[in-house]
Amino acid sequence: MAPSTGFNSGLDIGKSYYVATANPAPDHPVLAGDVEADLVVVGGGCTGLSAALHAAQSGLKVVLLEGGKIGWGASGRNGGQMIPGLVKLYGPERAKVLFDLAFEARGLVLDIIERHAIDCDLRLTGHLVGAVNGSDLKDLEDEARCLETAMKFRDVEILSAADARAKVDTPYHGAMYEPLGGHMHPLNYTLGLARAAVAAGVVIHENSVAVKLEREPSIRVSTAKGSVRAKHVVLAGDALLHGLEPRVNSRIMPVGNYIVATEPLEGKRNVIPANVAVSDTRFVVNYYRMSADGRLLFGGGERYTPSPPADIAGFVRPHMEATFPQLKGCRIDHAWGGLVSVTTSRLPHVGHYGEVYFAHGYSGKGVILSTLSGKILAEAITGDASRLDLFSTLTPMPFPGGTALRGPLYVLGMLWYAMRDRIKH
């Protein structure tokens with residue numbers, strides 16, 4: 001992979017396990033000059049690539065601008081956990097529709113992987129939520145009952161402490177196991193999605209940061225060396241939009257996210273014998289899984305600003321060793337970070353302002369929801385806005401104080417939740 005321009009720099013994506021094990025992928029040229037298209041997409045992650053792919057398959061001429069390299073945002077840096085379902089309820093009927101959409105997202109990702117022969121270490125081994133205390137286990141039991149009664153969904157299982165430990169070797173009080181979950185190599189999935197988009201006719205430009213969005217007399221997105229004029233624009237930059245559309249930016253908060261990959265673990269040091277994807281019930285969540293070559297990929301820790309710690313491995317290690325004391329002192333071969341965005345509701349912000357379409361704020365659920373969101377945006381642009389209208393009803397409240405004060409207020413809120421975590425756990 002060619003080096004990035006520095007867009008989203010300082011977070012060591014070049015040192016990530018995913019980059020070290022990435023499938024070969026072509027470089028795409030910098031945008032130079034002025035071009036025209038039906039649709040211009042800003043952002044080369046799963047949301048933007050999915051929107052571009054599905055729009056191109058519907059006959060639109062699509063140009064995609066990526067500020068760095070394809071997959072160098074959240075889509076290629078995350079934990080790779082496939083977590084189906086939306087658990088917040090908004091009345092039984094609407095909740096059921098949203099729940100079904102979330103499971104459609106899973107099916108869509110699996111279909112794209114199969115249809116386009118994407119090699120991304122897919123493992124459909126399930127997702128486990130570990131309860132770090134007894135009250136959290138009761139909450140998981142309540143959630144499982146709610147899923148069965150309100151959603152008519154029975155593909156979850158509450159595990160005892162012993163059964164949970166048989167799947168992951170750490171002393172949870174119990175767990176909720178979702179067999180339809182799993183994990184994959186997110187960068188290789190994203191690169192495969194880009195390959196599919198190009199095959200469908202999408203023109204991709206890397207190292208082409210969008211610096212200006214004009215709406216009149218038509219959509220025009222400008223970079224340092226060129227511009228794209230189009231009928232529609234999709235903003236899919238997530239935490240990295242940098243002010244292109246203030247009404248969008250005010251509803252998301254960029255948050256630092258940090259992961260390590262250990263040396264390959266063998267024999268008794270395989271801490272996840274069931275090879276499930278795992279997260280816990282802390283508000284400042286720990287999440288982890290095994291890689292295809294036997295490493296533990298572990299994300300966790302409290303970081304309240306987008307600026308990265310000076311030593312990412314040193315920052316994450318204490319949280320990993322608290323979860324798995326048996327790994328104390330093990331070698332860490334890769335450490336990296338990235339920015340994700342969260343919303344006040346922890347549900348994605350999907351919608352449009354005229355011909356400006358957007359989807360972001362996945363709040364940790366973007367591995368599969370981003371691909372579906374991109375498809376829904378493409379549907380709306382090509383004439384069917386019914387599903388976009390449904391998601392638009394979930395628009396989260398803006399962060400208090402707008403972009404100027406959202407950071408300090410978010411820090412205060414996260415400190416409160418972190419203190420609550422310590423008291424409870």
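Modeller: Val 40 has Val 233 of β13 as its bridge partner. The strands concerned are β2 (residues 39–42) and β13 (residues 232–235), which run parallel and are joined by 4 bridges. The model is a predicted one, in which local features need pLDDT of at least 70 and side-chain atom pairs count only at pLDDT 80 or more, whereas totals for chains, interfaces and linings use all residues. Residues are numbered from 1 along each chain as its sequence is written, and side-chain values use heavy atoms, with hydrogens and water left out.

β2 and β13 belong to an open sheet of 6 strands, in the order β9-β3-β2-β13-β20-β19, with mixed pairing. At its edges stand β9 (203–205) and β19 (349–353); each has a single partner strand, so one side of each is left without a neighbour in the sheet. On average, neighbouring strands of this sheet are turned by 15° against each other, direction ignored. Such angles are taken between axes, lines fitted to C-alpha atoms (for helices over the stretch in contact), and run from 0 to 180 degrees between N-to-C directions.

Two helices accompany the sheet. Helix α2 (residues 46–57) lies across β2, β3 (62–65), β9, β13 and β20 (356–360), and runs at about 170° to β3. Helix α9 (residues 366–381) packs on the sheet as well, touching β2, β13, β19 and β20, and its direction makes about 165° with that of β20. A contact here means heavy atoms within 4.5 Å.

A further open sheet has 4 strands in the order β1-β12-β11-β10, and its pairing is also mixed. Its edge strands, β1 (33–36) and β10 (212–214), each pair on one side only. From one strand to the next, the twist averages 15°. β10 and β11 (residues 219–222) run antiparallel and share 3 bridges; Glu 214 has Arg 220 of β11 as its bridge partner.

Two other strands show what lies on either side of them. In a regular strand the side chains alternate between the two faces of the sheet. In β17 (residues 296–299), Leu 296 and Phe 298 on one side and Leu 297 and Gly 299 on the other are all buried, where buried means under 20% relative accessible area, exposed over 50% and partly exposed in between (1.4 Å probe, protein chains only). β17 pairs with β16 (residues 287–290) in the antiparallel sense over 4 bridges, and Met 290 stands opposite Leu 296. The hairpin of β16 and β17 has 5 residues between the strands, and in this hairpin Gly 294 takes a positive phi near 85°. Leu 296 is also touched by Thr 262, whose contacts beyond four places in sequence include Arg 295 and Met 320. Thr 262 is found in β14 (residues 253–262) and counts as buried, at 0% relative accessibility.

In β7 (residues 175–178), Ala 175 and Tyr 177 point one way and Met 176 and Glu 178 the other, and all are buried. β7 pairs antiparallel with β5 (residues 127–130) over 4 bridges, with Gly 130 opposite Ala 175. β6 pairs with β7 in the antiparallel sense as well, over 3 bridges, and the bridge partner of Glu 157 is Tyr 177. Lys 167 lies over the face of Tyr 177, at 4.4 Å from the ring centre; a charge sits over a ring if NZ of Lys or CZ of Arg is within 6 Å of the ring centre and within 35 degrees of the ring normal.

The structure holds 9 aromatic pairs. The ring centres of Tyr 17 and Tyr 18 are 6.0 Å apart and the planes stand at 65°, so this pair is edge-to-face. Rings of Phe, Tyr and Trp (its six-membered ring) pair if their centres lie within 6.5 Å; planes under 30 degrees apart count as stacked, over 60 as edge-to-face and the rest as tilted. Ring pairs also bring Trp 336 into a cluster with Tyr 17 and Tyr 18. Tyr 17 is buried, with a relative accessible area of 4%, and Tyr 18 is buried at 0%. Phe 103 and Phe 153 form a tilted pair, at 4.9 Å centre to centre and 45° between the planes. Phe 103 lies in helix α3 (residues 92–115) and Phe 153 in the loop between α4 (134–150) and β6 (157–159), so this pair ties together parts 50 residues apart in sequence.

As for confidence, the protein averages a pLDDT of 87, and 85% of the residues score at least 70; pLDDT is the predictor's confidence in each residue, from 0 to 100. Over residues 1–7 pLDDT stays under 50.

Methods
Two strands pair if DSSP finds at least two bridges between them.
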